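Here is a quick tour of the model you have open.

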Amino acid sequence: MSVIVKRARAAAALASDRTAEEYAPARYEARTITKSFGGANALTGASVTIEPGEIHTLVGENGAGKSTMLKVMAGIHPQDSGDLVLNGTHLRGLTPRTAIGHGIYLVPQEPSLMLTLSALENLFVGIIPRGSMAFSVDWKAMESSAGAYFQQVGLHIDPWAPASQLSIAEQQLLECARALAHRCNVIFFDEPTSPLTAREADVLFELMRRLRERNFTIAFISHRLEEVLAISDRITVLRDSRVVAHFDNPKQTSHRQLVEAMVGHEIAVRQRRQRDLSGAEAVLELKDLGAPDGAFADISFMARRGEVLGLAGLVGSGRTETAESVFGMRRASGTVLLAGKPYAHRSPSSSIESGLIYLPEDRGHNGVFANVEVVRNITAAFVPHLPKRGQLLHPRAEVEVAEKAARRTRVVAPSLDVPMKALSGGNQQRAMFARWLLAEPKVAIFDEPTRGVDVGAKVDIYGIIDTISDSGVAVVMISSELEELVLLCDRVLAIYEGRIVGEVTGDEITLERLGAMVVGGGASERD
Amino acid sequence: MSATEASAGKLAVDEPRRAPLLSRTLRRREPMLVVVTLAIFGLTSAAQPHFALQGNISFLLASAMPLAVVAVGETVVMLVRGIDLSVAPVLGIAAVSTGFIAQDSHVSVLSMLPLALAIGIGLGFVNGLFVTYARIPPIIATLGTFTVYGGIEQLICNSRTVVTLPTSWINLGTHDFLPDVPYILVPGVLVTIAMALILWRTRWGRSIYAFGANAEAAFRAGIRVKAIEISAYTVCGMLAGLAGLIYVVQVGSAGYNTGSEISIQLQAIACGLIGGTTLTGGKGGVVGSFFAAIFLTVALEGVIVAGIAYQWQSAGVGVLLLVAILIDAYQNRQGRSVSEALRSVLGGHKPVQQEASS
C-alpha cells in the first residue's frame with residue numbers, strides 16, 4: 001500500500017464525521033460517591049445524574065465538593081465508595097485514560113495544555129496518528145483534520161503555534177476541541193469562566209449550547225450565579241461534601257433561593273452592627289498608592305481604629321495587589337502611614353513588628369505549612385517573641401502559647417501535634433487566624449478570610465473579626481462574597497480595574513449597591 | 001456539623017492529647033536506625049567474631065565521622081529544599097590545606113580548626129550566592145562549584161599528597177579516650193547535638209524548617225528568606241570544611257581527589273534520606289543523619305567482613321537508600337509510620353481518627 005493511500009486513510013479516520021454523534025446519547029450517573037482526602041471528607045454519599053442534551057450545573061461554596069465530584073466522574077480521583085454508571089454500565093477503576101475511552105472528558109479549571117507543544121500536538125495528544133513508518137508521526141493527517149475540530153469550537157489559530165501563545169480563553173476552547181478530537185460526548189467544565197472576560201465567557205456558553213443541541217452530556221461548575229441560572233437546564237447544590245438540593249427548573253429559580261441552598265441559613269440571620277466610628281483616629285493611611293505594573297493606581301484611603309473596612313471588587317481588580325504592597329510584598333509608589341508615621345521600607349517582617357498583619361487569600365500556597373505540626377503553624381510569625389530558656393526556645397511554653405491562641409479562635413484538632421494538612425479547611429483557617437492574632441496586630445488585613453471554609457468556621461471567623469475590631473484593631477477585609485461585606489463592614493470601598501470607584505458607609509452598604517459598584521457602575525461619588 | 005465541631009473542640013483544645021512516649025519514639029527514624037545498626041553489627045559479629053573486637057568498633061565509629069559531619073551539613077541544606085553536591089571538594093580542599101601545613105610546619109590540630117572552618121564558610125557562602133541571588137537551581141549551581149572546587153583542590157595539591165602527618169595528629173586520629181570511644185567521635189557528636197538544638201530550638205533553626213516547608217508562607221510570616229537560604233549553604237560548607245580536618249586526622253592522608261574519590265556528597269545525601277530528611281524540604285533532622293552515617297559505615301564494612309566482594313559496596317549504598325525512600329513514600333501515602341502500620345496489622349492499635357470536614 002502506498003504511503004499516500006495510508007496517509008489519506010489516516011486523515012480520513014481522524015477527520016471523519018465519526019465524532020461523538022456515533023455514540024449513543026450518554027446518561028451518566030454517580031451514585032452515593034464518598035471521597036476523602038487525608039481524613040477530610042470531600043464527598044459524602046453524593047449522587048448526581050447527568051442526562052444527554054442537558055447542561056447540568058453543580059453549585060456550592062468553595063470546598064463543597066463540586067470539583068471533586070467531576071474529578072471522580074472523570075477518573076482523576078478514584079472514589080472511596082459509590083458507583084459510576086454510564087448508560088447502565090458500571091465503570092470500575094476509572095482513570096482519565098479509560099474515561100476518555102468511554103467518551104468522558106473534563107475541561108479543567110486551569111487549562112492543562114503542554115505549553116511548549118503546538119496546538120496541533122495538544123489537540124491529538126494520546127492519539128497522535130502514525131505515519132508511513134510505524135514509529136513516525138503523520139503530521140499531514142493531523143494538520144488536515146485539525147481544522148474541523150478548531151472550527152467546531154470556534155477557534156481561529158495557527159495550528160503550529162505553541163500553546164503558550166494562546167490566551168486563556170483560546171486554551172480552554174482548545175481543551176474542548178481536544179475533547180471532540182478524542183470523540184468524547186460527555187464533557188465537564190470545571191469553573192471555566194472564572195478567568196474569562198464576559199465576552200469570552202459568552203463564546204464558551206455559545207459552544208456549550210451548540211454541544212447541547214448535538215445531544216452531548218454536559219456538566220458545568222461556576223460561582224457566577226447569574227450565568228448559572230441563565231445557561232443551566234438543571235442545578236445540583238452541594239454543601240459540606242453533600243448534595244443538599246436540586247433545582248429542575250432554573251428559569252423559575254431565584255438567585256436568593258440558590259444562595260440559601262448553598263450556605264444554609266445560619267449566615268442570613270446575622271444582623272449588621274451599627275457603629276459610628278467617624279471620630280476614631282486613622283491607624284492606616286494610604287496616599288496615592290500605585291503599582292509599577294499598573295495593577296492599581298491612585299489608591300488613597302484610611303482605616304480607623306476599631307473599624308471594619310471592606311474592599312469589594314472582582315477577582316483581578318487589584319485588591320490583593322494593594323494589600324500586598326502595604327504589607328511589603330511588592331513595590332509601589334505613593335505613601336503608607338502607619339499610626340500617623342510614614343512607613344517607607346516595607347517588608348513582611350517589619351510590618352509584623354509594627355503591628356500590621358496580612359492574612360493571604362491563597363491559604364494553601366501562601367499561608368500554611370502543610371506538613372508541619374499545627375503548633376508550629378500557629379507560632380510561625382511569633383517565633384522572635386516566644387519564651388526562651390537561655391538562648392534556646394522553650395518547647396513546652398511554646399505549646400502553651402499555641403494552645404491559648406488556638407482556643408481563642410476555636411481550632412478543632414485531634415491534637416496540636418498533627419500536621420496542618422490533617423485539618424479541614426475551616427480549621428486550617430482558624431489556625432491561621434490564631435497565628436496572626438498572636439502577632440497582636442493594630443491593623444489586620446484579611447484577604448478572602450472565609451474562602452474554602454465551612455459554614456461553622458465562617459460564623460466563627462465573623463465572630464473573631466467582631467471581637468478584634470471591638471478591641472481597637474483596624475480590620476481591612478477583602479472579600480468577593482458581597483454578603484459578608486454587608487454583614488461585617490462599617491464602611492466599604494469598591495475597587496474596579498485597579499482604582500477606587502466608590503465608597504459606602506453604614507446602611508448604604510447593601511447587596512445591590514455593592515453589586516453595582518464592583519462592576520464599575522452605580523457608585524456614589526467620593527469626596 | 002458545627003455542633004459536633006464545638007464538642008470535639010473542647011476535647012481537642014482543653015485537654016491536648018499527645019501520643020504516648022513509646023509510640024512517639026517508635027515513629028521516629030533515629031531509634032529505628034540504632035536498632036538496625038546494632039542488628040547488623042550483631043549478625044556480622046556472629047559470623048565473624050573479630051568484627052566485634054574493641055579496636056574495630058572504635059575504628060568503625062571513627063571512620064564514620066567525616067561522613068557524619070558532612071551529612072549533618074548536607075541535612076541543613078536539604079531542609080531548605082536544596083542540595084549541595086560540592087561538599088566533596090570542600091572537604092578535600094580543607095583536608096589538603098590543613099594537611100600540608102601540618103606536614104610542613106607541625107602545627108597543632110586545634111590551630112588548624114579556624115582555617116578549615118573558614119575554607120568551608122567561604123566556599124559554602126559562594127554556593128549560597130549562586131542559589132539565592134543568581135537563582136540557579138541548587139543542583140546545577142553546586143554541580144558547577146563541585147567541578148570548580150575540585151580543580152582548586154588539584155591546584156593546591158600540585159601533584160603532591162599529604163602522607164606524613166605529625167605524631168600528635170596520628171595519635172588523635174587513632175587513639176581512644178575511653179574503651180571503644182575514639183577521640184574522633186567527640187567533634188562528630190558535639191556538632192550533631194549542637195546542630196540539633198540550634199535547628200529545633202532557635203529562631204534561625206525554626207526559620208530553616210519554615211523556609212523548607214513553604215518558602216512563600218515563610219516570607220509572609222516575616223522570615224528573611226534570602227538570609228536563611230544563604231546561611232544554610234554557608235553552614236553546610238562550614239561543616240564540610242570541618243569534616244575535611246576530621247578526615248585528614250582520621251585517615252592520615254589526603255590528595256587531589258580526597259572526598260570526590262568516595263563520592264562523599266552522594267553518601268551524605270543518602271545519609272540525610274536514610275535519616276528521615278526529605279529532598280522536598282522542611283522535614284527531618286540532623287540526628288537521623290548522624291546515625292545513618294554510622295549505619296552506612298557499619299553496613300558497608302559488614303559487607304566486606306561477611307566476605308562479599310567490596311565492589312558490591314556502592315550497590316549496597318543504593319539498596320539502603322532505596323529502602324529508606326520507599327519507607328518515606330509509604331509513610332507519606334498512608335499518613336502513618338511503618339511501625340504504626342505494623343502494629344495495626346498485628347492488631348490492637350488504631351491510628352488516631354482524623355477529623356472529617358469541609
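What should the 14 residues of helix α6 (residues 168-181) of chain A span at 1.5 Å a residue?

## Helix α6 of chain A

The answer is 20 Å, and the end C-alpha atoms of α6 are 20 Å apart, which agrees. The expected span is 1.5 Å times one less than the number of residues. Helices here are DSSP runs of H or I with at least four residues, strands are E runs of at least two, and both are numbered from the N terminus.

This is a predicted model, where local features need pLDDT of at least 70 and side-chain atom pairs count only at pLDDT 80 or more, while totals for chains, interfaces and linings use all residues. Residues are numbered from 1 along each chain as its sequence is written, and chains are lettered from A and ligands numbered from 1 in written order.

α6(A) is mostly covered, with 13 of its 14 residues buried (20 or more other C-beta atoms within 10 Å of a residue's own, C-beta atoms being placed from the backbone). Just past α6(A), R183(A) has a positive phi of about 60 degrees.

## The sheet in chain A

Chain A has an open, mixed sheet of six strands, ordered β6-β7-β8-β3-β9-β10. At its edges sit β6 (104-107) and β10 (242-247), each pairing on one side only (pairing takes at least two DSSP bridges).

Strands β7 (residues 186-189) and β8 (residues 217-221) of chain A run parallel, joined by four bridges. F188(A) stands opposite A219(A) in β8(A).

## Chain B

Chain B has 16 helices and two strands. Of its 358 residues, 49% are buried.

Definitions and conventions: Buried ≥ 20, exposed ≤ 12 C-beta atoms within 10 Å, placed from the backbone.
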